[in-house]
Amino acid sequence: MNNVNTNRILAYLLFSLLLLQITIIEVNAQSTSGQVTIDFNGFGIASVRQTTYVSDVEVLGVIGKLLYITSVAPSNVTYYAENNTIVLVPPQGFTGLVEIDYISQVALPSNDNWIANFTSSTNSTVILPLGAIPLNIIPLPLNFTVTADNRLAFIFPPGNVSIVYALSQSTSTSTNIPPSQGGGTSTTNSTQPVTSTSNLLYLIIAVIFIPLALILLFLGKRFFRK
């Protein structure tokens with residue numbers, strides 16, 4: 001009977017470690033496949049940064065209504081805007097991540113509130129304006145954090161995202177100036193939030209330490225029996 005219990009515990013431990021390895025691989029694969037950061041100002045206009053894996057001509061869906069493209073890196077990737085999309089044309093033989101920065105109108109006013117609706121094929125980070133008060137968020141974010149300049153940042157899974165928020169009175173009467181809608185390069189300072197890894201840490205603790213505790217408990221029972 002003791003041998004059977006020992007084999008079961010070892011099998012569970014091996015399965016748990018395999019599950020942890022698969023989870024880490026999936027997380028890493030998702031982080032390298034692409035991501036998007038949407039940094040709002042007080043007028044519903046956002047500075048958007050998207051990264052996407054490119055190996056051929058890629059048509060990138062724009063978050064919100066495209067106003068103008070700020071930059072594309074690496075610089076040898078040709079790009080142009082068409083029907084609210086950004087078409088990326090890499091040089092022959094190119095394979096890798098491309099980073100696109102652009103300005104778009106993402107949130108629209110509704111009475112005293114602002115409403116943002118968009119769809120992202122990858123995880124998205126939404127940084128609300130300073131003093132923004134979230135009223136309704138769908139779906140629930142995977143996580144959230146506060147940036148160095150005290151702005152709320154929410155991390156969402158791929159799919160449709162809807163956010164309704166209000167601006168505090170002091171923020172709505174400030175003298176923020178929206179980005180110019182003309183061409184050329186615009187300098188926008190975007191504060192990137194520190195992505196929390198608490199979910200992954202909890203998973204690691206649950207998968208590794210629980211089986212170890214069970215093994216120690218089992219060995220302790222055998223010791224006291226002797």
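**Figure 1. Arg151 and Asp39 are both buried in this predicted model.** Buried denotes a relative accessible area under 20%, exposed one over 50%, and partly exposed the range in between (1.4 Å probe, protein chains only). The model is predicted, so local features require a pLDDT of at least 70 and side-chain atom pairs are counted only at pLDDT 80 or more, whereas totals for chains, interfaces and linings use all residues. Residues are numbered from 1 along each chain as its sequence is written, and side-chain values use heavy atoms, with hydrogens and water left out. The side chains of Arg151 and Asp39 form a salt bridge with an N to O distance of 2.4 Å; the term denotes a side-chain nitrogen of Lys or Arg within 4 Å of a carboxyl oxygen of Asp or Glu. Because Arg151 belongs to the loop between strand E12 (143-146) and strand E13 (152-156) and Asp39 to strand E1 (residues 34-40), the pair ties together parts that are 112 residues apart in sequence. Helices (H or I, at least four residues) and strands (E, at least two) are DSSP runs, numbered from the N terminus. Arg151 also forms a salt bridge with Asp149, with the closest N and O atoms 3.6 Å apart. Within it, Arg151 has a relative accessibility of 8% and counts as buried, while Asp149, at 30%, counts as partly exposed.

**Figure 2. A salt bridge joins the side chains of Asp101 and Arg49.** The N to O distance is 2.7 Å. Asp101 lies in strand E7 (residues 96-105) and Arg49 in strand E2 (residues 45-54), so this pair ties together parts that are 52 residues apart in sequence. Asp101 has 10% relative accessibility and counts as buried; Arg49 is partly exposed, with a relative accessible area of 35%. The structure holds four salt bridges in total.

**Figure 3. The largest nonpolar core comprises 34 residues.** Such a core is a set of buried Ala, Val, Leu, Ile, Met, Phe, Trp, Tyr and Cys residues joined through side-chain atoms within 4.5 Å. Ile38, Phe40, Ile86, Tyr102 and Tyr165 have the most contacts inside the core, and strand E14 (residues 159-167) gives the most to it, with four residues. A contact means heavy atoms within 4.5 Å. Leaving aside residues up to four places away in sequence, the residues that Tyr102 touches include Val48, Val62, Ile63, Leu66, Tyr68, Ile69 and Ile86. In soluble globular proteins, nonpolar side chains tend to be buried together. Buried residues make up 36% of the 226 residues in the chain.

**Figure 4. Phe144, Phe154 and Phe156 are linked into a cluster by ring pairs.** Rings of Phe, Tyr and Trp (its six-membered ring) pair if their centres lie within 6.5 Å; planes under 30 degrees apart count as stacked, over 60 as edge-to-face and the rest as tilted. A search of the whole structure finds three aromatic pairs. For Phe144 and Phe154, the ring centres are 6.2 Å apart and the planes lie at 35°, so the pair is tilted. This pair links distant parts of the chain, with Phe144 in strand E12 and Phe154 in strand E13, 10 residues apart. Phe154, at 8% relative accessibility, counts as buried.

**Figure 5. Strands E8 and E9 form a hairpin with two residues between them.** Strand E8 (residues 107-110) and strand E9 (residues 113-120) pair in the antiparallel sense over four bridges, where pairing requires that DSSP finds at least two bridges between the strands. Leu108 has Ile115 in E9 as its bridge partner. In the turn, Asn111 has a positive phi of about 60°.

Figure 6. Most residues other than glycine have a negative phi, and most peptide bonds are trans. Positive phi values are found at Asn83, near 50°, and at Asn150, near 65°. Asn83 is exposed, with a relative accessible area of 71%; Asn150 counts as exposed at 58% relative accessibility.
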